[in-house]
Amino acid sequence: MESVLFVLWHVVICRVWAWSGQNHERDNAFAFFCADTYYVDADADWPWTAEHVYDTANLLIWYRMYFWDQNHAERLRDFRTVYVGKNGYRKDCSWAVEELERRLQEDSVDRADILADKSYLSVGHFYPMDWVMQPDGKYTCLFRLAFLDVPMVIEYEEPAAKFAWELLPETDSVGGYLCQKAETEYKGRNYEAWFCPEIPIDAGPYKFRGLPGLILKVEDKAGDYSWTFIDGAIQNLNEPMIERDYIRRKASRSKARRLIQGIFEKPFPYAVSMGANILIYQEDGNHRPLTGEEMEESIYYTPIELE
């Protein structure tokens, strides 16, 4: 199939000009997807129509997730949705990614128009990892590459997360709820969390659980990551929890982490290896291929899990 222009996930390509230091004055114009710079082969097949239901969500909790930009200068925000299933499943995912995939799999859509519209990004940035907890506590971790215009994820499995929480006497209000403080260490980071005993639900953002109440706020003490409950954003549901039939690149945790790190270190070569023909549009309306120096550009990345 002929390879054409192509939009890639914003953390991998769309901000590279601003990140590389060549055009800092254009940073705001490159907030997420730069459809005026890259675009998608709208004629390619999009086989994301197959999906199956693995649980029914009875609760949805919204969080703001904050993380640093590539220069460690600005805190970026993702709106995360945490679904709690009736049969023991739980899923933490980015609302923007879910919305983009929903639109891209609709019949008779122009994917280039969808990506150019960018309204699904009106809530902020996004972090392209999903964490799905199974009833036995084990996790399926998905690094989503929809932004290569390919229905593919890098998938790896993990055993149940174990948190050795220390409950502390401090209290504070989060989202109008009285919360108690707790601390823990997990995979190389030290966290402080605030949970609400009034809401007896064993859940929270990311993988956090195991406290006697819903976890409403978590902060990494190093200041790299934080999650905060959005006021009033707890919804009772009766909706299916759906798994799409992605193309899955399954790997061990260690191999998947190396692969994800490599995508950040060499984003353009990785895109080319996926069949992309990446061209940069210029102000005069013409486009050109990447230079050798641009092909070697890397992107700042600090994983949540350091171990």
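Which strand holds serine 226? Serine 226 is placed in β11, a strand that covers residues 225-244. The model is predicted.

**Serine 226**

- Serine 226 counts as buried, because its relative accessibility is 6% and the cut-off for buried is under 20%.
- The side chain of serine 226 makes a polar contact with the side chain of arginine 75, at 3.1 Å.
- Beyond its neighbours within four places in sequence, serine 226 is in contact with Arg64, Met65, Tyr66, Arg75, Val218 and Glu219.

**Strands β7, β8 and β9**

- Strand β7 spans residues 166-174 and pairs with β8 in the antiparallel sense, over 6 bridges.
- β8 covers residues 177-186, and β9 covers residues 189-196.
- β8 also pairs with β9, again in the antiparallel sense, over 7 bridges.
- Glutamate 183 of β8 stands opposite glutamate 166.
- In β9, glutamate 183 has glutamate 192 as its bridge partner.
- In a regular strand, side chains alternate between the two faces of the sheet.

**The two hairpins**

- β7 and β8 form a hairpin with 2 residues between them.
- Glycine 175 sits in that turn and has a positive phi of about 60°.
- The hairpin of β8 and β9 also has 2 residues between its strands.
- Lysine 187 takes a positive phi near 50° in the hairpin of β8 and β9.

- Most residues other than glycine have a negative phi.
- Lysine 187 has a positive phi, near 50°, and is not a glycine.
- Lysine 187 lies in the loop between β8 and β9.
- Lysine 187 is partly exposed, because its relative accessible area of 23% falls between the 20% and 50% cut-offs.
- Tyrosine 206 is not a glycine either, and its phi is positive at about 55°.
- Tyrosine 206 lies in the loop between β9 and β10, the latter being residues 214-220.
- Is tyrosine 206 buried or exposed? Tyrosine 206 is buried, with a relative accessible area of 0%.

**Glutamate 307**

- Glutamate 307 is placed in the segment after α7, a helix of residues 292-295.
- Glutamate 307 is exposed, because its relative accessible area is 54% and the cut-off is over 50%.
- Glutamate 307 and tyrosine 186 are 121 residues apart in sequence, with 8.7 Å between their C-alpha atoms.
- Leaving out residues up to four places away in sequence, glutamate 307 touches Glu185, Lys187, Gly188, Arg253 and Arg257.
- Lysine 187, one of the residues that glutamate 307 touches, is the positive-phi residue in the β8 and β9 hairpin.

**Cysteines**

- How many disulfides does a search of the whole structure find? The search finds 0.
- The closest cysteine sulfur to that of cysteine 179 is in cysteine 196, at 4.9 Å.
- Cysteine 179 is buried, with a relative accessible area of 1%.
- Cysteine 141 is buried too, with a relative accessible area of 0%.

Notes. Residues numbered from 1 in each chain as written. Predicted model: local features only at pLDDT ≥ 70, side-chain atom pairs only at ≥ 80, totals over all residues. Heavy atoms only, no water. Disulfide = S-S within 2.5 Å. Buried < 20%, exposed > 50% of the residue type's maximum accessible area, 1.4 Å probe, protein only. Helix = DSSP H or I, 4+ residues; strand = E, 2+ residues; numbered from the N terminus. Polar contact = N/O pair within 3.5 Å; in protein donor to acceptor, adjacent residues only side chain to side chain. Contact = heavy atoms within 4.5 Å. Pairing = 2+ DSSP bridges.
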